[in-house]
Amino acid sequence: MDFDRATLAGFDALVFAAGNDVRHQPQDVGDDYWHEANSIGVPRFFEAAKAAGIKRAVNVGSFYPQAAPKLVANNAYVRSRKASDEGVAALAGGNFVAMSINAPFVVGAVPGLVIPMFAAYTQYAEGKFAPMPEFAPPGGTNFISTQSLAEAIEGGLERGAAGASYLVGDQNMTFQNYFGAFFEAVGRNKPPVLDQEHPMLPDSAIFFGRGNTLYYDVDPEVEKLLAFRRDDVVPAIEEIVGQYRSASS
């Protein structure tokens, strides 16, 4: 919060996508980090936005608390996401239409911006990481493209309700089909499934457990309200590969 709060007064709306996940946790820091960064930090920022007079605000959160609520009790990260969602909702009302749009695994490319994870996925599919074994872990989850998520956020800014928590998503995919889409985009066959930790998708990033699935269907009313496109994950992967393959060839 080391910024001039008055600068927020120059904006009508806010999209907050800075919640912390496993990629942001510093080394040698315990699970209390999630409480400070998400449970306390996110509502604190929204409180500043409300005080500055921002009228509409979207918190981009995580799907876990709604899609797998049983994880809340024993997973500090998921618990912090739930707390940040609830903290935003508690501030909503009156002239402050704040809400959360909670997304699953997000896939997409931005022209000119290098996302190291997706650049690595593309090179992995091309076989450039040999002798790293080529396989996919068992299980699967829901995925959404950055384009679909951006459209859902726009729908929330325009039509969302104060205090709402919208669970969004697009396609339920096995990890084999997910990684397979990268392989197929470079003209190769899907990798086999092996029940072992994957170097590109470690067990620490699969909170529901390797070998399990976390599938769900989006509420049709939410899909209608937010008006985001569907069946966009594979096209997004093809776009990623088109961007990073040309850059790495």
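**Helix packing and its surroundings**

Mentor: Let's begin with H4 and helix H6 (residues 175-185), which pack at an angle of about 70° with their axes 8 Å apart. Helices (H or I, at least four residues) and strands (E, at least two) are DSSP runs numbered from the N terminus, while axes are lines fitted to C-alpha atoms, for helices over the stretch in contact, with angles from 0 to 180 degrees between N-to-C directions. This is a predicted model, in which local features need pLDDT of at least 70 and side-chain atom pairs pLDDT 80 or more, whereas totals for chains, interfaces and linings use all residues. Numbering starts from 1 along each chain as its sequence is written, and side-chain values use heavy atoms, without hydrogens or water.

H4 and H6 are therefore roughly perpendicular to each other (65 to 115 degrees; under 35 is roughly parallel, over 145 roughly antiparallel, the rest oblique). H4 passes H6 in a right-handed crossing, meaning that the near helix is turned clockwise from the far one by less than a right angle. On the H4 side, Phe118, Tyr121, Thr122, Tyr124 and Ala125 meet Tyr178, Phe179, Phe182 and Phe183 of H6 (heavy atoms within 4.5 Å). That contact has eight nonpolar, one polar and no charged residues; Ala, Val, Leu, Ile, Met, Phe, Trp, Tyr, Cys and Pro count as nonpolar, Asp, Glu, Lys and Arg as charged, and the others, Gly among them, as polar.

Now set that beside helix H1 (residues 32-51) and H3, whose axes come within 8 Å and cross at roughly 15°. H1 and H3 are therefore roughly parallel to each other, and their crossing is right-handed. Among the residues making the contact are Trp34, Val42 and Phe46 of H1 and Tyr77, Val88 and Leu91 of H3. By class, this contact of H1 with H3 divides into nine nonpolar, six polar and three charged residues.

The loops next to these helices deserve a look too. Most residues other than glycine have a negative phi, and most peptide bonds are trans. Pro131 sits in the loop between H4 and strand S5 (140-145), and a cis peptide bond, with omega about 10°, joins Ala130 to Pro131. Asp28 lies in the loop between strand S1 (13-16) and H1; although Asp28 is not a glycine, its phi is positive, about 60°.
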